[in-house]
Structure formats: structure tokens, C-alpha cells
Amino acid sequence: MLGRLILLLLQIVIGWFGATALMGALGGAVPAAFSLYVFAIVAAIVIFLVGIIAAQVLQGVWVPSSRTLTWSLVFGLVAALLWQFGPTLPLLSEVPWSRVPDRYAVLAAALLGYHIRK
């Protein structure tokens, strides 16, 4: 249990700083309209790689599979879609989307996708 908590904290910190640094390195290569989606993909991959490394070092942490990466990517991209198009949808227009920054939501969704198990 302690290993999974340490894994989560490592994924939050390294996921945020790693994905932000990689997005900065990409610079102008990504159009602004797609930057949130690219951030979702980069964050999911960084979170997955941290999980692989942590599984080798920490006790009680399972080795992630390709299914884990898929879930992390899907959840991150769905959050990016919601934060971009959610305010314009009539059914979701009442949700206070601006209270949570879009990159925070995408990172949290990618983390949730990683930690979901059957």
C-alpha cells in the first residue's frame, strides 16, 4: 500500500514536470489547437514510464501492461475533449470548467486511467 502511494506521488510530480518540460521542448512544433491533446499523450506516456521504473524499485507495485497505457491515454484524451468542448455543449454548460485548469484535469484523468484496475 505504501508503495502504491509513493508511486502515485511520483507520478504526479514527475508527470507534471516531465510533461511540461517535454511540451516546452516541442515548442512551436505543435499547433496551439492541438497542444492540449499532445499534452495528454505526453503526460500518459510519462506516467506509464514512471510506473514501469517504479515497479522495478518499489515493493507492492505491479508492472503496468499495454492496457494500462491505453486506459491512461484514453482518459487523458477524453478529459482534453471535455475541457475543450464541454463549455460549448448545452448539457454541460453549467459546469464551472474554468475552476480547474485544463492541464491539471488532463494529468488527473491520465493518472486515474493508469490506476483503474479490473
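Reader: How are α3 and α4 oriented relative to each other?

Author: Two packed helices are described by the angle between their axes and the distance between the axes. In this predicted model, helix α3 (residues 66-85) and α4 pack at an angle of about 150°, with their axes 7 Å apart. The axes are lines fitted to C-alpha atoms, for helices over the stretch in contact, and angles run from 0 to 180 degrees between N-to-C directions. α3 and α4 are therefore roughly antiparallel to each other (angles under 35 degrees count as roughly parallel, over 145 as roughly antiparallel, 65 to 115 as roughly perpendicular and the rest as oblique).

Reader: Which residues of α3 and α4 make the contact?

Author: On the α3 side they are Thr68, Trp71, Ser72, Phe75, Gly76, Ala79, Ala80 and Trp83, and on the α4 side Asp102, Ala105, Val106, Ala109, Ala110, Leu112, Gly113 and Tyr114. Contact means heavy atoms within 4.5 Å. The crossing of α3 and α4 is right-handed (a crossing is left-handed if the near helix is turned anticlockwise from the far one by less than a right angle, and right-handed if clockwise).

Reader: What conventions apply to the numbering and to the model?

Author: Residues are numbered from 1 along each chain as its sequence is written, and side-chain values use heavy atoms, with hydrogens and water left out. This is a predicted model, in which local features need pLDDT of at least 70 and side-chain atom pairs count only at pLDDT 80 or more, while totals for chains, interfaces and linings use all residues.

Reader: At what angle do α1 and α2 pack?

Author: Helix α1 (residues 2-26) and helix α2 (residues 35-57) pack at about 135°, with their axes 8 Å apart. α1 and α2 are therefore oblique to each other, and their crossing is right-handed. The contact includes Leu7, Leu10 and Trp16 of α1, and Val38, Phe39 and Val50 of α2.

Reader: How does α1 pack with α4?

Author: α1 and helix α4 (residues 102-115) pack at an angle of about 135°, with their axes 11 Å apart. That makes α1 oblique to α4. α1 passes α4 in a right-handed crossing. Among the residues that meet are Arg4, Leu7 and Leu8 in α1, and Tyr104, Leu107 and His115 in α4.

Reader: Which residues does Leu7 contact?

Author: Leaving aside neighbours within four places in sequence, Leu7 is in contact with Val50, Gly51, Ala54, Leu58, Val61, Tyr114 and His115. Leu7 lies in helix α1 and is buried, with a relative accessible area of 2%. His115, in helix α4, is buried with a relative accessible area of 19%. With neighbours within four places in sequence left aside, His115 is in contact with Arg4, Leu7, Leu8 and Gln11.

Reader: Where is Phe48 found, and what does Phe48 touch?

Author: Phe48 is found in helix α2 and, at 11% relative accessibility, counts as buried. Not counting residues up to four places away in sequence, Phe48 touches Pro64, Ser65, Leu69 and Tyr114. The C-alpha atoms of Phe48 and Pro64 are separated by 7.3 Å, the two residues being 16 apart along the chain.

Definitions and conventions: Helices (H or I, at least four residues) and strands (E, at least two) are DSSP runs, numbered from the N terminus. Buried means under 20% relative accessible area, exposed over 50%, partly exposed in between (1.4 Å probe, protein chains only).
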